Each structure stands twice: as structure tokens, then as C-alpha cells.
Amino acid sequence: MNVSLNWLATHLDLSGKSIKEIDDLFTFAGIEVEGIVSKGIASDKIVVAQIMEVIQHPNADRLKVTQVDCGEARLRQIVCGARNYAVGDKVPCALPGAELPGGFIIGETIMRKVESKGMLCAASEIGLPAGEDGLLLLPRNSEIGKPVKQLFDSDTLLELEVTPNRPDLLSHRGMARELATLLKTPLLPLEIAIRETAAAKEIRIEAADACPLYTAIRISGVTVKESPAWLKQRLESIGLRPINNIVDVTNYVLHELGQPLHAFDAAKIAGNLIVRHANDGETFLALDESKHTLTPDDLLISDESGSPLALAGVMGGLTSGVSETTTDILLESAYFTPQGIRRTSRRTSLSSDSSYRFERGVDPAGVVSASCLAVQLILELAGGTAEATTQAAGEAPVVVKSVTLDAQKLDQLMGGSIALADAEEILTRLGLTKLADGTWNVPSFRADLQRHIDLVEEIARVHGLANVPSRLQGTFVPASAVDAAYDADMVLRRRLAALGLHECQTIKLISDAQVADTLPLRPMQDGDVIRVRLPLSEDHAVMRPSIVPGLVASAARNVRQQAKSLRFFEMGRVFRNAGGGKAKDQESETLALLLSGSAQPTGWSQAERTADLYDLKAILSALLGDRKITFAPKDRPGFTLASDIKVDDQTLGIFARLTPARERELDFSTPVFVAELDLGKLRKLLIGISHVEDLPQFPGSSRDAAMELPLATPNAQIEAIIAKLAEPLLVSAECFDVFTDPTGQKIAADSKSVAYRFHYREPTRTLKTEEIDTAHQKVLEALTKGLGVKFR
């Protein structure tokens with residue numbers, strides 16, 4: 001919500017309070033200040049100065065040395081580069097210590113060996129709209145030494161985040177009431193002439209459950225025209241666009257008091273106003289020209305002809321709005337139940353300042369007073385004649401009740417930091433009234449105060465949590481499974497970050513189109529996807545069964561920003577059914593990895609290399625230490641090169657590459673490799689003592705062997721045969737060369753030559769050559785028997 005400081009100042013005295021103090025007050029009271037924007041001139045040290053003398057700078061052709069009168073005892077020397085001024089002109093002068101937009105602080109300096117004690121300013125340099133090139137020339141009758149901010153309108157805009165339980169703060173009056181409580185400052189009275197109400201003759205409520213109270217008043221003979229400057233300035237100060245005097249008044253009252261209003265063109269209404277539920281399939285054309293199909297859950301304002309005039313509490317209709325030809329209006333002010341407005345706004349994707357307030361709950365007691373203020377302003381700005389009474393149908397609902405403050409519990413919770421009399425004084429400042437029976441009457445605008453603890457929370461908030469003493473020291477809590485999981489996750493995060501991967505955090509909802517990118521640990525069947533019943537948008541329609549779609553989308557955005565190396569990971573929950581929907585709402589935690597683009601930074605000393613599946617396997621090896629990792633090929637729909645990732649013969653996750661067609665669709669120019677791992681199993685592999693082996697005391701010996709075998713034979717089969725043999729002297733075996741010849745000249749086109757290095761060692765003694773040869777021969781025979789390889 002945008003709040004204008006000048007507008008706030010019409011409700012309470014803020015003199016002597018800096019922006020920093022107001023910011024701190026809001027923050028410590030639980031109202032988050034998301035942004036502060038100053039409009040106009042903020043600093044008092046930017047004053048009117050008259051140029052008394054100008055000479056050429058002795059050491060710079062484009063600079064002048066000026067003597068200016070700033071209302072001080074002596075002239076001030078300032079070096080200036082502008083050219084659009086003359087002796088006698090009056091211009092803004094930023095004195096040392098003045099803060100310019102952007103946080104730049106003016107000081108005394110030396111410019112080309114000439115002292116300069118300030119700065120002569122252009123309009124844009126002091127926070128005003130850019131004018132002519134050069135200094136801002138002020139009116140000749142401007143008082144020398146007067147702060148320039150007094151010559152121009154200035155304001156400060158606060159962007160505040162209001163929690164959903166505090167709709168009373170969604171207006172300048174509400175914010176001023178809160179500030180008055182915190183500052184112990186009286187709230188200035190509002191001058192509203194309250195009009196009498198009478199039973200409605202032109203209103204019929206057919207949906208009392210959704211609209212307990214509806215009021216309207218007819219104003220005849222109005223002139224629709226441009227709003228006066230003060231009203232336009234009020235609306236523009238908070239980012240609203242003025243439209244005409246009638247609509248602007250309704251918007252002003254909304255942001256002044258927090259009560260939404262709507263003005264109908266009375267000439268476009270056939271008979272009485274009817275508040276009813278929409279018919280199933282009924283259509284509505286909104287003010288923004290969007291067309292919507294309604295359901296019986298939606299609330300409509302219509303006339304006797306059945307034509308929908310407005311979607312109650314959300315947006316007016318295009319056909320019934322005020323235009324330049326309007327002469328008679330019917331002004332609506334009502335209370336709509338929050339649940340219905342929230343449901344309609346979400347379903348139709350229509351949101352407005354009105355719906356934002358109605359769906360959180362407006363003050364039922366403020367319905368009539370807001371209408372009266374609007375009538376008062378319309379008669380002043382548009383002329384015309386209003387009916388003597390306001391028509392009212394229904395009754396204002398009672399949304400509050402009296403609440404008891406338990407003094408003993410208050411003292412316990414506040415640690416004895418506040419006396420009961422001071423606590424009661426805070427409640428009184430908040431607008432509560434103590435009744436004869438000791439309970440507290442809650443004002444209608446504070447429907448969030450329902451229990452004793454709510455009153456204590458308000459007292460603590462205004463008193464200041466920093467003033468409540470801390471009595472509880474840190475206590476011992478035994479380690480739990482949750483702690484162990486958290487520690488394991490942090491170990492993984494640190495290791496992955498050290499390996500050059502960046503952590504992503506993506507939303508747990510994906511679109512239907514992204515489902516094709518899922519890489520679940522178990523294959524999906526029809527019915528296994530969990531869909532959101534009422535998604536906020538098409539992009540958030542499915543609960544993710546895999547983290548990979550989010551990583552792929554993040555990588556695609558990075559590629560479009562010219563990122564060359566993509567190394568991402570994310571940990572989180574995934575959601576799915578199982579068995580075609582037989583097992584419902586299963587949750588699990590996974591770790592997803594994505595690699596694409598350059599495998600390492602490019603430089604003069606190394607050639608560029610594209611990441612491949614071996615880089616991904618290397619990352620897994622770095623995570624899991626000396627555990628044996630193998631990839632077992634297994635087809636996955638929508639992917640190529642898919643494999644199960646096995647660690648010590650246990651399936652840990654899935655590896656795959658996106659299909660080339662999908663990579664081109666997402667603008668990738670290099671292969672995209674992804675993996676999804678079972679985080680629960682991965683944690684267990686990390687838990688425990690890491691064993692360290694002694695350095696070998698006796699030398700080993702290596703033997704190389706090049707074998708010829710069919711081109712399609714996977715390396716995993718070679719590793720499996722070597723592992724099955726379990727030769728006790730064989731310490732390690734690694735592939736160091738693969739050779740193929742598609743032409744068939746050096747080796748058959750359907751064959752390949754794979755070279756392995758085998759290392760042998762005995763930990764207790766030095767091996768003899770015959771022992772090494774014998775062990776090596778056993779390995780070669782096993783490979784020959786198992787795969788039919790030919791050694792070269």
C-alpha cells in the first residue's frame with residue numbers, strides 16, 4: 001500500500017519527526033516498510049543563492065568561479081560548469097552537508113586548484129523534473145537563503161506491507177490512527193456531516209448472506225469534469241491516475257477512510273437496485289472491458305431489467321459507469337462478506353483496490369460515514385442536489401465482541417515490564433473502551449481483536465518488544481532426526497557450492513506444459529499427477545512431481561540472458577500419487593542437478609570444453625567419496641541417455657539428457673544433463689565416520705591392456721566382470737582410452753578398442769613379477785570369457 005506523508009499529515013501532527021523515525025516506528029510495530037521514495041526536494045541545506053560575481057577558472061576552460069550570496073555573512077565561492085546563468089540570477093545552492101538524490105553528500109573540495117564550497121544545482125540534481133540544460137533559474141523575487149524545498153511541492157511516499165489481519169490500516173486515516181497511538185499524539189478530527197438514513201425504497205437485497213448492508217444515495221444535477229488540483233495531487237501522490245471529479249472522489253474516500261464506494265450513472269439504471277447472486281453462466285462486462293462468465297457464488301448488483309451493473313465489491317460494469325454526459329448518480333456504499341469477494345476475485349482474476357479491502361474486511365460502522373464524506377465532496381466539486389437521507393437496506397453486522405484482559409497473564413507474558421495502568425492506557429489509545437464489568441469494548445474497525453492474547457499482543461507491540469526482558473536462557477535439546485537431516489543437507493550444499501554449482505529455489509507449482517520435463521524417481525502413470533483445484537494461473541496448475549522442470553525453466557531463462565555455463569542444484573519436496581492414483585498425496589524429498597554449457601571457465605591456457613555426463617558423474621563422486629557409482633541404462637519418456645544411478649548396488653536416482661528437440665525449443669545450444677536423487681537415501685550415505693586408509697608401504701605395479709569388443713558394449717559390463725572376479729591383488733582398474741574408426745580401416749566399424757590400466761599391490765610385501773603376471777592373466781581371462789573380447 002502506498003501512503004503519502006503529506007496526506008498523513010492532514011490527520012495528525014508529524015512536525016519534528018524525520019522519515020527515519022517514522023520508518024522505525026512502523027517497522028517495530030509490525031508494519032513492514034518496503035520502500036521510501038522522496039518526491040521534490042528533501043534537504044533543508046539546499047537554499048536560494050544569488051550569483052554576485054563570475055570569473056573564468058584559471059586552470060579550466062569550461063569552468064567558472066562564482067561568488068554567491070546564500071544569506072550568510074560572507075559570499076561563498078563555488079566552481080560551476082554550467083553556462084545558462086548571469087550575474088544577478090538566483091539559483092539553488094547545495095551547502096556542504098546537503099544530501100542529494102542517490103545519497104550523494106555535498107562537501108567542500110578543491111577543483112583544479114581552486115576551492116569550491118558547495119554546488120550550484122540543476123533541477124534534476126535536487127529531485128525535481130529535468131528542465132532546461134544547466135542550472136535551475138529561480139524566480140527573481142525568491143528570498144535569498146530560504147530553503148528551496150519551500151518553493152516547490154515535495155512529498156515522501158511510503159510503500160507499506162500490511163498483514164491480512166489488519167485491514168484497518170488500508171487507508172490514510174487508519175495509518176494515521178496507528179501512528180497517533182505509537183507517538184502518543186492526538187488524532188485530528190474529521191469534519192464529516194453525517195446524513196440521516198432511511199429504509200431503502202430503491203434497493204432490494206436478495207443475498208443477505210453475502211451483503212448484510214447496502215446503502216445508496218441519489219445526487220442529481222452534477223457536472224462531470226476535471227478534478228481540482230488538490231484532489232488530483234492527492235491521488236497522483238500515491239500513484240493513481242485522476243479520471244473525473246466523481247470517480248476521483250470515490251477513489252479519494254477509499255484511500256482516505258478505507259471504505260470502497262461506487263458511483264452509478266442513474267440514467268442507465270432501470271428501476272430499483274437488486275443485490276443478488278449471479279445466475280449460472282451469466283456474463284458480465286467489466287470496466288476494463290474484460291468479459292466474464294459468472295457462477296451462483298458471485299454477487300451482482302443489477303437493476304429490475306436483470307442487467308448486471310457491477311460485480312459486487314470487485315469492479316463496476318462498463319455500461320453503468322459515470323461518463324462526461326452523466327447528470328444524475330447513485331452512490332453505493334456497502335458491506336460485503338470477505339469470503340465471497342475473495343472467491344470471486346480469485347476465480348475471475350479481477351483485482352482492484354476495492355476487492356483488496358473487501359476481501360480482508362472493511363469496517364461495517366464506516367459504511368455510512370464514508371458515503372457522507374463522498375456526498376459532501378461531490379456537492380462541493382460537481383454541484384447538484386443530494387437526497388435528504390441515505391437509503392439503507394439490511395443492517396451492519398457485528399464483527400467484534402467485548403474481550404477480557406487477564407492482568408495476571410499479562411504480567412507473566414510481559415515479564416513484569418509494564419504496569420497494568422500503562423497497559424490499559426495503550427488499549428485506550430488504540431480505540432478500546434473499558435466497560436463497567438472490566439471487559440474491553442473493541443472498536444468495529446479492529447475485528448482482529450477477539451481474545452485476551454490479542455490484547456496482550458497489541459500492548460507488547462506498542463510498548464515495544466525490546467522493552468520486554470528475556471528470562472529464558474538457551475536450553476539443551478537432544479539431537480533429532482530432523483537435526484541430522486538438516487546437517488546432511490548443509491554438507492551437501494557446501495560441497496555442491498564448492499564444486500561450482502549454484503543453488504536454485506523454484507516454486508513448488510508448475511504448469512501442465514512443464515510436466516513433460518519431470519524426471520521422477522519412479523515412472524509416472526495416468527492419475528499420478530496432483531493438480532491444483534483452483535490455480536492462481538496456468539503456470540501454477542500442478543504440484544511438482546519432480547524438481548527438474550523448475551531447474552530446466554531457470555536454466556532456459558539464464559540461457560536467454562547469454563549465460564555460458566549452467567551448473568544448478570536444488571533440494572526440496574516433490575508431490576505425486578502412485579499406482580495410477582491409488583495411493584494419494586505422497587511427498588518425498590529429492591536433490592536435482594543440472595549441467596549445460598561450458599564445463600570450465602575459458603582462458604588462454606585451456607581450450608573450451610562442453611559439460612557432459614562424466615562431469616555429472618564426477619560431481620556425484622565428489623559428494624559420495626570412495627563409494628562405487630554406476631549408471632545403469634533405463635529408458636525414460638521425453639529424455640535420451642537415461643540411466644538409473646546406482647551407488648553400491650543401491651538405486652539412488654536417475655540421470656538423463658533432454659532430447660535435442662527439447663533443447664532447441666528452449667534455445668539451448670549445448671546438451672542439457674539432469675539428475676534427480678533420493679535425498680533420504682543420499683543423507684544416509686553421508687552419515688557416519690569417514691574412514692581413512694594408510695598410505696601404502698610397498699610399491700605396486702601396473703599393466704595396460706587394450707581390448708577389442710563390440711561398439712555397443714557398455715563400460716559397465718567391463719566393470720561388473722572385474723568386480724565379480726574380485727582378484728585380491730587388483731587395487732584399481734581405470735579406462736584411459738577409447739578408439740573407434742567409422743571408416744573401418746584401422747578397426748571394424750562396429751567395434752571399438754578400449755584400453756584399461758590395472759594396478760596390483762599387496763599391502764604386506766613387495767610382489768614378484770610372476771605373481772603380478774598371474775593375477776593379470778586371471779583378469780584378462782575373465783574378460784575374454786565374459787565378453788569375448790580380443791586383446792590387441
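What follows is a conversation about the terms used for this structure and the values behind them.

Analyst: This is a predicted model, in which local features need pLDDT of at least 70 and side-chain atom pairs count only at pLDDT 80 or more, while totals for chains, interfaces and linings use all residues. Residues are numbered from 1 along each chain as its sequence is written, and side-chain values use heavy atoms, with hydrogens and water left out.

User: How do you know how many helices and strands the protein has?

Analyst: Helices (H or I, at least four residues) and strands (E, at least two) are DSSP runs, numbered from the N terminus. Under that definition the protein has 18 helices and 41 strands.

User: What radius of gyration does the protein have, and what would a compact globule have?

Analyst: The radius of gyration is taken over C-alpha atoms, and the globule rule is 2.2 Å times the number of residues to the power 0.38. For 792 residues a compact globule would come to near 28 Å, but the protein has 38 Å. Along the principal axes, its C-alpha atoms fill a box of roughly 115 × 85 × 65 Å.

User: Into which domains is the protein divided?

Analyst: The bounds come from an automatic or database domain assignment, and they give domain 1 (2–40 + 156–183), domain 2 (46–152), domain 3 (197–394), domain 4 (407–467), domain 5 (482–685) and domain 6 (701–791). Taken over C-alpha atoms, the centres of domain 1 and domain 5 are separated by 45 Å.

User: Why are strand 1 and strand 2 said to stand at the edges of their sheet?

Analyst: Two strands pair if DSSP finds at least two bridges between them. The open sheet has three strands in the order 1-12-2, with antiparallel pairing. Strand 1 (2–4) and strand 2 (32–39) each have a single partner strand, so one side of each is left without a neighbour in the sheet. Neighbouring strands of this sheet are turned by 25 degrees against each other on average, direction ignored, where axes are lines fitted to C-alpha atoms (for helices over the stretch in contact) and angles run from 0 to 180 degrees between N-to-C directions.

User: What makes strand 1 and strand 12 a pair?

Analyst: Strand 1 and strand 12 (residues 155–161) are joined in the antiparallel sense over three bridges, which meets the definition because at least two are required. Within this pairing, Ser4 stands opposite Leu157 in strand 12.

User: Why is strand 36 called largely enclosed?

Analyst: A residue is buried under 20% relative accessible area, exposed over 50%, and partly exposed in between (1.4 Å probe, protein chains only). Seven of the nine residues of strand 36 (residues 650–658) are buried, and therefore the strand is largely enclosed by the rest of the structure. Across the protein, buried residues make up 45% of the 792 residues.

User: Which strands pair with strand 36?

Analyst: Strand 35 (residues 639–647) pairs with strand 36 in the antiparallel sense over seven bridges, with Asp644 opposite Ile654. Strand 37 (residues 672–678) also pairs with strand 36 in the antiparallel sense, over five bridges, and there Ala656 faces Val674. Strand 35 and strand 36 form a hairpin with two residues between them, and Asp648 in the turn has a positive phi of about 50 degrees.

User: Is Lys184 called buried or exposed?

Analyst: Lys184 counts as exposed at 61% relative accessibility, because the cut-off is passed. Lys184 lies in the loop between helix 3 (172–183) and strand 13 (197–199).
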